[in-house]
Amino acid sequence: MISDGAEHHTPVTGITADTGHLALLSWSRFLLASYRTRRDRTGSWESNAIVYSPGGYPTGHICIGDDIDHVLTDRDGGIWTSHGDEGIHGSHPASSGGLARWNTEGAQTWGPLGRGRLPVLPLGGIAGATEENTVWLGWYSHEGSFLSRVDSSDGSIISYHHPLKNSDGIAVRGTRMILSHQFHNRPGVELNRAELVDNAWVITSQEQLRLPEPVTRRCVQGRDGVLWIRGGDTWVQVEA
């Protein structure tokens, strides 16, 4: 963590080889999660996420679904996940909707299933971002890609067609959006800017961003209109 120009390191235990997601929680806590889970000998789902205190100590082991593509958190400490096809078509019930919200005790508090709540069933997650009390989830399906805007206070959803085929990061500020697409093992990032026009997201410009080192996989975060992109030990922030 970097604060006031100084770099601070927090020792953390419990990191395994399949740990692939980091998300910030309220009160300076954070979450580390693995992609997969499975049933144990008793039939219960094994924990695949750990809630840590600000000092790096585990305070809770929870399960947040199977085949996790993306994890992000809101201001109230809610944990939002999007799931891949093995989770959606697997046996974990909360993963079947493709998108979910959890609390820090591991209970599911929101799901998208229900008549008309999503245009089609998701097949996997693309990206996610928070904007004040709103959560944006990008996902793809057999009928194309979509962006769903979820009001975290009441769970209502509005979905839009995704304006790009490939993106791994988004940040939203009002009617403006910035979308990123990284190039594997290269320091180059393609940035596209979009505007909400007549209830559709329209690409308005494109630019190239070059970082000192290749962009790290799954290290693109969208928070309150700012896209944070990590390349090696460098974080770059881009305003939507």
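This is a predicted model: local features need pLDDT of at least 70, side-chain atom pairs count only at pLDDT 80 or more; totals for chains, interfaces and linings use all residues.

1. Residues are numbered from 1 along each chain as its sequence is written, and side-chain values use heavy atoms, with hydrogens and water left out.

2. The protein chain has one helix and 21 strands, where helices (H or I, at least four residues) and strands (E, at least two) are DSSP runs numbered from the N terminus. Its radius of gyration is 17 Å, close to the 18 Å that the globule rule gives for 240 residues, so the chain is as compact as a globular protein of that length; the radius is taken over C-alpha atoms, and the rule is 2.2 Å times the number of residues to the power 0.38. Along the principal axes, the C-alpha trace spans about 55 × 50 × 35 Å.

3. Of the 240 residues in the protein chain, 49% are buried, the classes being buried for under 20% relative accessible area, exposed for over 50% and partly exposed in between (1.4 Å probe, protein chains only). Among contacts (heavy atoms within 4.5 Å) with a separation of 6 or more, 40% are between residues 24 or more positions apart.

4. Which residues lie nearest the centre of the second largest pocket? They are Thr16, Ser34, Ser47, Asn48 and Ala49, out of a lining of 18 residues, and strand S4 (30-34) and strand S5 (49-52) are the elements that give two or more residues to that lining. The pocket holds about 210 Å³ of space. By class, its lining has six nonpolar, eight polar and four charged residues, with Ala, Val, Leu, Ile, Met, Phe, Trp, Tyr, Cys and Pro counted as nonpolar, Asp, Glu, Lys and Arg as charged, and the others, Gly among them, as polar. A pocket here is an open set of points on a 1 Å grid over the protein atoms alone, where a 1.4 Å probe fits, with protein on both sides within 12 Å along at least five of seven lines, and lining residues have an atom within 4 Å of a point. Grid points are joined across faces, edges and corners, and the volume is the space filled by probe spheres set on the points.

5. Trp102, in strand S9 (residues 99-102), is buried, with a relative accessible area of 3%. Not counting residues up to four places away in sequence, Trp102 touches a set that includes Cys63, Ile79, Thr81, His92 and Gln108. The side chains of Trp102 and Thr81 are joined by a polar contact of 2.9 Å, that is, a pair of N or O atoms within 3.5 Å of which, within protein, one must be able to donate a hydrogen and the other to accept it, with residues adjacent in sequence counting only if both atoms are side-chain atoms. The C-alpha atoms of Trp102 and Thr81 are separated by 8.2 Å, with the two residues 21 apart along the chain.

6. Strand S16 (residues 176-182) holds His181, and Ser180 also has its place in S16. Ser180 is buried, at 2% relative accessibility, whereas His181 is partly exposed, at 22%. Leaving aside neighbours within four places in sequence, the contacts of Ser180 include Ser167, Asp168, Val189 and Glu190, and those of His181 are Asn166, Ser167, Asp168, Val189 and Glu190.

7. Glu190 lies in strand S17 (residues 188-197) and counts as buried, at 17% relative accessibility. Its side chain makes a polar contact of 3.1 Å with the side chain of Asn192.

8. Most residues other than glycine have a negative phi. Ser28, though not a glycine, has a positive phi of about 65°; it lies in the loop between strand S3 (19-24) and S4 and is exposed, at 56% relative accessibility. Asn199, likewise not a glycine, has a positive phi of about 65°; it lies in the loop between S17 and strand S18 (200-210) and is exposed, with a relative accessible area of 57%.
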